[in-house]
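Please look at the structure on the screen while I speak.

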Amino acid sequence: MKKVFFIVFSFLLVFACDDKTKQENLPSTNLQSVKLKKKLSDSLLTGSTYLSVYSQVYSTTEHKTNDLTATVSIRNLNKRDTVYVTKANYFDTKGDLVKSYIKEPIFVKPLQTIEIIIDEKDATGGTGAKFVFDWSAAKNVQAPYFEAIMVTTYGQQGLSFTTQGIPITE
């Protein structure tokens, strides 16, 4: 009996440690950890980016939808320079603000990815959900790259697709 207990305990211990290691390697979804603690320089260039993010897609008719999990990636493509995201506003199909994910500037280190997750159960954005990001970067620095991956599975069926951010010119 002691031998069985020891084997089961060892098995659980090994797998519990393995999950922790995997979680440590995941990109940051904790926006507080990248919150900027100083004021942004006035010399930075600014821009805005639009990103389609689908909380739902239609299936077979306009009366049936499938809910999706969305992973929104904020990526710094620069090898040496930090970029800043000053706002991340999430809007629904009607264009109404659902949530402000970033209200104060965050920094994105060189080659870092920051993620925002929209849970599959959160259908508030609807079929026409979108983000509008405001960002800042130094002159001659690549703008941040915004991308969304939407996925869901039903039984043995899977659905996945991506969208890419588009610069907004005003």
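Predicted model: local features only at pLDDT ≥ 70, side-chain atom pairs only at ≥ 80, totals over all residues.

Let me begin with N78. Leaving aside neighbours within four places in sequence, N78 is in contact with V83, P110, L111, V141 and Q142. As for its position, N78 lies in the loop between β4, residues 69–75, and β5, residues 83–91. Is N78 buried or exposed? Its relative accessibility is 9%, and N78 therefore counts as buried, the cut-off being under 20%. The side chain of N78 also makes a polar contact of 2.8 Å with the side chain of N76.

Four strands form an open sheet in the order β8-β4-β10-β11, and the pairing is antiparallel. Which strands stand at the edges? They are β8 and β11, the latter spanning 157–164; each has a single partner strand, so one side of each is left without a neighbour in the sheet. On average, neighbouring strands of this sheet are turned by 15° against each other, direction ignored.

Consider now the pairing of β4 with β8. The two strands run antiparallel and are joined by six bridges. Within β8, E115 is the residue opposite S73, and I114 is the residue opposite I74. Although β8 is an edge strand, five of its six residues are buried, and β8 is thus mostly covered.

I74 brings us to the nonpolar core. The largest such core has 28 residues, and those with the most contacts inside it are V53, I74, I116, F131 and F133. Which elements give two or more residues to this core? They are β4, β5, β6 (97–102), β7 (106–108), β8, β9 and β10 (145–154). In general terms, nonpolar side chains tend to be buried together in soluble globular proteins.

Next, the charged side chains. How many salt bridges does a search of the whole structure find? The search finds one. In this salt bridge the side chains of E147 and R75 meet, at 3.9 Å from N to O. The pair links distant parts of the chain, since E147 belongs to strand β10 and R75 to strand β4, 72 residues apart. With a relative accessibility of 16%, E147 counts as buried. R75, in turn, is partly exposed, its relative accessible area being 28%.

T127 is placed in the loop between β8, residues 113–118, and β9, residues 130–137. Its relative accessible area is 18%, so T127 is buried. Not counting residues up to four places away in sequence, T127 touches Y54, Q56, V57, Y58, T65 and T93. K64 is found in strand β3, residues 61–67. A relative accessible area of 42% makes K64 partly exposed. Its contacts, leaving aside neighbours within four places in sequence, are with V57, Y58 and S59.

Notes: Residues numbered from 1 in each chain as written. Heavy atoms only, no water. Buried < 20%, exposed > 50% of the residue type's maximum accessible area, 1.4 Å probe, protein only. Contact = heavy atoms within 4.5 Å. Polar contact = N/O pair within 3.5 Å; in protein donor to acceptor, adjacent residues only side chain to side chain. Pairing = 2+ DSSP bridges. Axes fitted to C-alpha atoms, helices over the stretch in contact; angles between N-to-C directions. Core = buried A, V, L, I, M, F, W, Y, C linked by side-chain atoms within 4.5 Å. Salt bridge = Lys/Arg side-chain N within 4 Å of Asp/Glu carboxyl O.
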